[in-house]
Amino acid sequence: MSEEQLIEKILSGDKEAFRLLMERYQQQVFRVAIGFVHSRQDAEDITQEVFIRVYRSLSSFKEKSLFSTWLYRITINTSINYINKNKRRNLLTNAGNSLISLLNKSNEERDAHQQLEATEIEKSIQNAIDGLPEKQRKAFILSKYEDLSQREIAEIMKTSEGAVEQLLVRAKKSLQKKLAYLVGK
Amino acid sequence: MKIDNYIDDFISKEKEEQVNPYLATRVLAKLEKNEEPVIFKAVAPLWKNLAIAASFALVIAVGFGLGSMVKGDKEYISININDAQLENLNLYTLIDYDE
């Protein structure tokens, strides 16, 4: 069934058509969301919220752009709203994780130490991605997590391909600068 | 190990995560659950507004009824007073003060 047919059916109240649409797009929404929040649970919450929004505003979808472009925009906005809403909670979680890491440091087993180091590296990368300016972060996530072309990213972000290229170059430089200390490890 | 490799490994690991297969069912259940309050919301304010308006009307009618039931013992004499004669406004405007 084509996208247009699915949308038409959903608008006439067919819930099964909406299920099909979700099953078709849920993995890509989830991947973008996880790129923003780095947590499976949070990414699932965002995916759920995205589809609820899609269902409620599908009638306002104008077929000037692709459905996937529209869906990516909703996913990005929902993810950013989710992050802003949960900033305080994330601070507490991070503080808790740091405390756990600190307590774990007393464990002198080699495996545990290596695991801790790997976790710390992952945390550093996560923080570096999260610390990117909003536009760079959006472009970076769409490029790396969804393997989208610069033209597709430009369409989603409503900007030029040149601007996207610049954003990606700056994001890469910024990440390399922030993570330079990892090279010696 | 190069920084790019660290980043790529991290992203590949996150990309491997699979969405919950029951997510679509959960979303549909949530949508169906939320549809009921929407209908209720549309009906409830109308019902509420009517009840509030009726209670106001009732209170006012009862007030009028009680008020008209009361009859005083005294009979008052009504006096026709011309306000213009009662107080001279020139005292306040001071128009004639200099003269």
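Modeller: Happy to. From the N terminus on, chain A runs α-α-α-α-α-α-α-α-α, which comes to nine helices and zero strands. Please keep in mind that this is a predicted model. Of the 185 residues in chain A, 27% are buried. Among the contacts in chain A with a separation of 6 or more, 59% are between residues 24 or more positions apart.

Let us settle on the pair formed by helix 2 and helix 3 of chain A. Two packed helices are described by the angle between their axes and the distance between the axes. Here the axes of helix 2 and helix 3 of chain A come within 8 Å and cross at roughly 135°. An angle of 65 to 115 degrees would count as roughly perpendicular and one over 145 as roughly antiparallel, so helix 2 and helix 3 of chain A are oblique to each other. Their crossing is right-handed. On the helix 2 side of chain A, the contact is made by A:F18, A:M22, A:Q26, A:V29, A:F30, A:A33, A:I34 and A:V37. Helix 3 of chain A answers with A:R40, A:D42, A:A43, A:I46, A:T47, A:V50, A:F51 and A:Y55. By class, the residues of this contact between helix 2 and helix 3 of chain A divide into 12 nonpolar, two polar and two charged.

Helix 3 of chain A deserves a moment by itself. Helix 3 has 18 residues, and from its first C-alpha to its last it reaches 26 Å, close to the 26 Å expected at 1.5 Å a residue. Its buried residues are A:A43, A:E44, A:I46, A:T47, A:Q48, A:E49, A:V50, A:F51 and A:V54. Reading this beside the contact, A:A43, A:I46, A:T47, A:V50 and A:F51 are among the buried residues of helix 3, and they are also among the residues that helix 3 of chain A brings to the contact with helix 2 of chain A.

A:H38 is found in the loop between helix 2 and helix 3 of chain A. Phi of A:H38 is near 55°, a positive value in a residue other than glycine. A:H38 has 19 C-beta neighbours inside 10 Å, whereas a buried residue needs 20 or more, so A:H38 counts as partly exposed.

Helix 2 and helix 3 of chain A also face the partner chain. In all, 28 residues of chain A are in contact with 17 residues of chain B. The elements that give two or more residues to the side of chain A that touches chain B are helix 2 (15-37), helix 3 (40-57), helix 6 (110-130), helix 7 (134-146) and helix 9 (161-178) of chain A. Helix 2 of chain A gives the most to that side, with 10 residues. By class, the side of chain A that touches chain B has 13 nonpolar, seven polar and eight charged residues. Of the 99 residues of chain B, 7% count as buried.

The axes of helix 7 and helix 8 (residues 150-157) of chain A come within 10 Å and cross at roughly 135°. Helix 7 and helix 8 of chain A are therefore oblique to each other, and their crossing is right-handed. The contact is made by A:K138, A:A139, A:L142 and A:S143 of helix 7 of chain A and by A:I153, A:I156 and A:M157 of helix 8 of chain A. These residues of the contact of helix 7 with helix 8 of chain A divide into five nonpolar, one polar and one charged.

The loop between helix 8 and helix 9 of chain A holds A:K158. Phi of A:K158 is also a positive value in a residue other than glycine, near 55°. A:K158 has 9 other C-beta atoms within 10 Å, so this residue is exposed.

One last stop is A:N127, which lies in helix 6 of chain A. A:N127 counts as partly exposed, with 13 C-beta neighbours inside 10 Å. The C-alpha atoms of A:N127 and A:K178 are separated by 9.4 Å, although these residues are 51 residues apart along the chain.

How values were computed
Residues numbered from 1 in each chain as written. Chains lettered and ligands numbered in written order. Predicted model: local features only at pLDDT ≥ 70, side-chain atom pairs only at ≥ 80, totals over all residues. Contact = placed C-beta atoms within 7 Å. Helix = DSSP H or I, 4+ residues; strand = E, 2+ residues; numbered from the N terminus. Nonpolar A, V, L, I, M, F, W, Y, C, P; charged D, E, K, R; others polar. Axes fitted to C-alpha atoms, helices over the stretch in contact; angles between N-to-C directions. Parallel < 35°, antiparallel > 145°, perpendicular 65-115°, else oblique. Left-handed = near helix turned anticlockwise from the far one by under 90°. Expected span 1.5 Å × (residues − 1). Buried ≥ 20, exposed ≤ 12 C-beta atoms within 10 Å, placed from the backbone.
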